[in-house]
Every structure is written in C-alpha cells, then in structure tokens.
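Hi everyone, thanks for coming. Let's have a look at this one together.

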Amino acid sequence: MIRGNIGNDLGSLWQRCKTGLFVCSCLIFGFTPSQAQNLTVGLGSFEDYYRREQLLGKVDSSLSFTIRPLLLPNLLKDTSAQRAITQVFQSKDAIRTIAILPVTWQQQYSSSPFNSRNDGPVIPARGYQSMLSAGVFGQLGPFTVQIRPDFVFAGNDDFLTRANLLGSADLPPRFGDRPYTQLSWGQSSIRLNFDPISVGISNENLWWGPGISNSLLMSNTAPGFKHITLNTSRPVKTPVGSFESQVVAGRLEGSGFNQTLPDDWRYLSGFAFGYQPKWIRGLFLGLTRSFQIYHDDMDGSFGDIFPLLQAFQKANTNEDAKRRDQLTSIFTRWLLPSAKAEVYFEYGLNDHSSNIRDFLMSPEHSRSYIFGMKKVIPYKQRSDEFIQFSAEITRMEQSIDRTIREAGEWYTHSQVLHGYTNRGQVLGAGIGPGGNLQSLNISWVKGLKQIGLELERYEHNGDLATAYGYAPWLDFSLGAVADWTFDKLLINGKLSGIQSMNYQWNDGINRRPKQNVFNVNAQLGIMYSF
C-alpha cells in the first residue's frame, strides 16, 4: 500500500542518521580544523551582535538575516572582529579537527507560565526551570557534523487554570502534573556543503523572516524538529542581485499531554526565499510558505510530498479535501548603513484566498503582520560604544473582516487539529494564536556587552476574548536586560515585572470580578568557551 510510505521513510531515515551522527563524529578525529560552524538560532547575544555589526558596516550587506541559522565564516568582513567572536565557538586547544562548542546553562524562574517565547525546548511552566546544552563540531572536506544536544528540567509547579487558554491547537497550559525532564538532539545536524549549497539532516531551530521578537512561520519558541534541508550557505550573487533560500521537509510531534488529539505525527514541508535587488542597496524582499498534513492522510503522491509550488488560490488546489493546512508570508527588510538603522515588515495569511479577486477584495482576511525597526547611535564619540533602540509590533488577532467572514485563529486548523505546533509549542510567533505584542528596547551596547530596559504590552489571544465577549487579558511588563563577558564567560540576565490585567480573562471564564495579578520572570544564563 502506497499510503504513508514517504512519511515512514522520512522517520526511518532520521533513525538511521542518529546512528550516523555518532559514527561520523568518530571519523572526523585527526583531519582538518573546522571552519563552518553554524550560528544557531537562540544565541541571543550573538545574533543581536552580528545584526548590529551589519548596521555598522562590518558584516556583508548582502546577508539578509531572514533565513537562519547562519554560517559563521560568511558573516564578518572585519578580521579583528571575526577573531574576537569566533574564539567563543572554537577552542584554541582543539585537537586538530574538533571544535568544542560552548557549554550553555540557562535558568529561569517564572511565577506565571504564560511568558515562554523564543526559548526552544524550555516549556511554558510555573516555577524553576533549567536548560543545559553542549556539544562538538567537526569537518572533513565538505562534510560537517554538529552534535549539540540539550537537556531541560522544569519544576512545573501547579497553578489554577482553565483547560485550554491559548486556542484549539496542541498548546497545553501545563505539561503534566509533575516535574518535567526532556533530553533531545537540540541543535544537531549533519551536512554536505558545496559552496554555496548545503544539504543535510538537522534538528536545529529555524528562523524565517526579518522579525527580532517574533516570526510568523519559523522561530525558536518550539523545540527544533527533525528535518531534511536544502539551503544556500551564503547569498548567491548574480547580475540582477543576491538570492538566499531554504527548503525543508520534516516531522512534527505532539506534546503528549492532550489525549483528545489524534495519535499521529505530521509531515511539514516549507520554504523561505530571499532576494536583494542589485539596484536598491540594502533592500531585501522575501517569501515563506509551509504546509502540514497528518501522516495518515498522505497518499504518497508528489503533490503531497512537495506541495510548495502549487497555486496560492484555493479554487485551483482543493486543499480542504486534502486535509492539509497552509501558511504563507511575504516580507521586506531595508538596511540603512548610513543611518545605522533598519526597518522591516512581514505580512502573512493563515488561509488560501479562493482566487485573485477574493484576495484583492479582502486582503486583510486571515492576515497577521510584524513591523519593526532598530537603530544604533554612537555614545559620547566612542567608536565601540552605542545606544541601541529597537521596537516591534506583532498583530495575530483577526481584522475587522471577521464580522463578515470568520478566518479562525492563526496556527489553528479544523482538520489538522494539533495546529502549527511541535511538542506543544507554536512554531511561529511565540505570542500564540490571536496574540498581539508591542515591544520597545533601549540599551547601551559595546561588543557583546549590553545593559538595557525592555517594555512590552502583550494581549493574550484577542480572538478568544472577542468571540466570547470577554474583557482583554493584558500584560504590561518592564524588564532589565544585561549581557556581560568575562574572558571565556558570557553571562546574560533578565528580570521582568509583569502586571497582568484581567488575568486569564477572569471576568468571563471564571465568572468572577476582574483579577489583576503581578508576576515575576527572572532569567540567568552562563556560556563558557573552552
């Protein structure tokens, strides 16, 4: 029987590759030094540093920062800056071939479980939580192996909640009723690199789009998922401009804490495409698209395995009959080195339009968007110190168009019941279905060092509140942020006070007077390079 064979092949291929990871890591001892480590998604201090360095003209201006992870040697034009940053990723005493990756230990305490975003395998949980990650990297010619597992422990303290606060997808408010532990492959991968193309098998987190706080289709809010990837390793320059792209096929898992959902994994296929026109310096244009379908609903056809080139109009695809869900977005980022600034925008749709006329008549149907900017200003005429401003607005709640035609919550679907999730967390924007976020960050920065303040206004699932006539659940937070280096140590910390208004929509769901609650979130991370 053909049905589902491709999905089974993908799963069995990953099982074989897990053994291959160990074998290959043994083979690479004794050969040439590694030169192609990834800047993995989630290393916040480094990602912010490189993006800021691009505003200052020290990173290749053809790199869009909209398809990540990034390849380290392609980043910096300034050799002294490159040496300063890459020594964190590669041991000076490494035995010829092996780069010992930094050990990272991230800890946090949260009195509210509803503020877990862009933290990978860390779960939304109340109380103490810890994540430990370490690994090695090796290279033999075009062949590279990165083994970087992570381990998570969460006290997972009890709290009063309704069964599902964040939408109808697989987003459990609590991951069981006891302490939670999870060991996973983390940011591991094996690749063949033929400049400028890389192909491989990976469990790494992906980030698509220009957003800093949120991304509509791919972020590191959920744990990384097993996938096959074909991507450019650097911008490909042509007579008409530069191109970047990535195509993935992967496997999404359920949380295991929602017994009402099907016991079946989902096949995800997606791509991100970026283009920088030759004639407009610093302008990047892009497109992302992803599909997911339950493994049991696959028929083994080429259209099931590779639906990415199908028409965007529902009238031409019959998507509802295929029980398949699509998300798509377009984005732009404009880099302004002379102003040491950037602006960016992403606009996404949660559903196909029926046809072109339908889209033109109602472009706001099922839409969400992200708009943001960043600027750095020299501090007291010092060449290496700056004041950094960044602001971002994300709106996931439906537009007023819902009064005419209901679009449903982003990341949810009537047939793919798990929604756009992996292991119980959203693959895209961490604010979740119907969420809205406005954030502002002001910091003093010097290299990897940073001291700053972060202000946020977060509305939880405005679609749910509107549908049932609840008053909105709003979080206003003020946080102090710091990153500091001590030789081989990098320490990061964040302390946020969160004033929740009408916590958990108390006036509607629990039928009691509105309840205002003050919550605290504290984070402390340590990274050590050997």
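I'll talk about aromatic rings, then charges over rings, then a surface patch.

A quick word on ground rules: this is a predicted model, where local features need pLDDT of at least 70, side-chain atom pairs count only at pLDDT 80 or more, and totals for chains, interfaces and linings use all residues. Residues are numbered from 1 along each chain as its sequence is written, and side-chain values use heavy atoms, with hydrogens and water left out.

So, how many aromatic pairs does a search of the whole structure find? The search finds 17, where rings of Phe, Tyr and Trp (its six-membered ring) pair if their centres lie within 6.5 Å, and planes under 30 degrees apart are stacked, over 60 edge-to-face, the rest tilted. Tyrosine 49 and tyrosine 50 make an edge-to-face pair, 5.6 Å between centres and 70 degrees between planes. Buried or exposed? Tyrosine 49 is buried at 8% relative accessible area, and tyrosine 50 is buried at 1%; buried means under 20%, exposed over 50%, partly exposed in between (1.4 Å probe, protein chains only). Elsewhere, Phe114, Phe159, Trp473, Tyr503 and Trp505 form one aromatic cluster.

Now the charges. Arginine 51 lies over the face of tyrosine 344, 5.5 Å from the ring centre, and the charged end of arginine 117 sits over the ring of tyrosine 458, 5.4 Å from its centre. That call needs NZ of Lys or CZ of Arg within 6 Å of the ring centre and within 35 degrees of the ring normal.

Last, tyrosine 528. It is found in strand β27, residues 517-528 (strands are DSSP runs of E, at least two residues, numbered from the N terminus). Tyrosine 528 counts as partly exposed because its relative accessibility is 35%.

Note on methods. Helix = DSSP H or I, 4+ residues; strand = E, 2+ residues; numbered from the N terminus.
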